[in-house]
Amino acid sequence: MSSGENGKGTVSVENVVKTYATGESVVHALRGVSLEVAQGEFLSIAGPSGSGKTTLLNLVGCIDAADSGEITIGGTRVSSMKRDELAMFRRRNLGFVFQTFNLIPVLSASENVSFTLSLLGIGEREIRERTRAILAEVGLAGMENRLPSRLSGGQQQRVAVARALVKEPSIVLADEPTANLDSDTGQAILELMRSMNERHRTTFVFSTHDPMVMAFARRLIRLHDGAVASDERR
Ligand SMILES: Nc1ncnc2c1ncn2[C@@H]1O[C@H](COP(=O)(O)OP(=O)(O)OP(=O)(O)O)[C@@H](O)[C@H]1O
Ligand SMILES: [Mg+2]
């Protein structure tokens, strides 16, 4: 795999504003956020509850649209795309890891991974080979046929990381990927994500409010009340 070597893993967010209208009140979730992410970064978005982390990840992940501002991913301006173009772009270029793993309960580990590739119209033989290889890479060789209910939380999140990476996305977005794991298991998942980041040069952007998780990031952007409060590299 060489997902990261194509220069598609860059993100540019320019003055993005997002508000939610709830009945009478308006919530200013993002108040003009700007940031640049280079190919292959391992970046954490931190900040207290309600600071806008999920909102920002959903906009970069083409799951939701900004009110104003521009988002460009790998040179493609996604903020002006129509809904079906966005869905296609998302499916081809972005991988997701969720707090609650979000595996399909009736599919085995390997079926959860290969399903993603079948949506891209890839041939069966290649799907089998890529699925086997990525599950081995995340440390699940021998567990390919287990249902999610027969895997631990950490193992389920490994399946989710494999599912996100098998299509060789330019960017993986993870919203609090360790929040439902104990600290040792969470650390193992972070180490896995970082080794995948190093090996494949895939850009990783993940949110957290856990200081242990922040310590793993090579760059930490803190949000406060819908704005960037700090941006530090280490
Ligand atoms: N669908 C929605 N409708 C209305 N308000 C929303 C919606 N989603 C988020 N908000 C509000 O927008 C603000 C930012 O929320 P967001 O979920 O992005 O925060 P967060 O940093 O991810 O918080 P947490 O750490 O609790 O996950 C909050 O005030 C939240 O209540
Ligand atoms: Mg959130």
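Reply: Strand 7 (residues 171-175) and strand 8 (residues 203-208) pair in the parallel sense, over 5 bridges. Two strands count as paired if DSSP finds at least two bridges between them. Strands are DSSP runs of E with at least two residues, helices are runs of H or I with at least four, and both are numbered from the N terminus. Asp 175 has its bridge partner in strand 8: Ser 207.

This is a predicted model, in which local features need pLDDT of at least 70 and side-chain atom pairs count only at pLDDT 80 or more, while totals for chains, interfaces and linings use all residues. Residues are numbered from 1 along each chain as its sequence is written, and chains are lettered from A and ligands numbered from 1 in the order in which they are written.

The pair belongs to an open sheet of 6 strands, in the order 6-7-8-3-9-10, with mixed pairing. Strand 6 (94-97) and strand 10 (227-233) are the edge strands, and each pairs on one side only. On average, neighbouring strands of this sheet are turned by 20° against each other, direction ignored. In general, strands of a sheet pair through backbone hydrogen bonds, either parallel or antiparallel.

Now the helices. The axes of helix 5 (residues 153-165) and helix 6 (residues 183-200) come within 10 Å and cross at roughly 20°. Axes are lines fitted to C-alpha atoms, for helices over the stretch in contact, with angles from 0 to 180 degrees between N-to-C directions. Helix 5 is therefore roughly parallel to helix 6, a term for angles under 35 degrees. Helix 5 contributes Gly 153, Gly 154, Gln 157, Arg 158, Val 161 and Leu 165 to the contact. From helix 6 come Thr 185, Ala 188, Ile 189, Leu 192, Met 193 and Met 196. Contact here means C-beta atoms, placed from the backbone, within 7 Å. These residues divide into 7 nonpolar, 4 polar and 1 charged. Ala, Val, Leu, Ile, Met, Phe, Trp, Tyr, Cys and Pro count as nonpolar, Asp, Glu, Lys and Arg as charged, and the others, Gly among them, as polar.

Elsewhere, strand 1 and strand 2 run antiparallel, joined by 10 bridges. They form a hairpin with 2 residues between them, and Gly 23 in the turn has a positive phi of about 60°. Strand 1 also runs antiparallel to strand 4 (residues 68-73), through 5 bridges. Ser 12 has Glu 36 in strand 2 as its bridge partner, and Ser 12 also stands opposite Thr 72 in strand 4.

Note on methods: Angles under 35 degrees count as roughly parallel, over 145 as roughly antiparallel, 65 to 115 as roughly perpendicular and the rest as oblique. Two residues are in contact if their C-beta atoms, placed from the backbone, lie within 7 Å.
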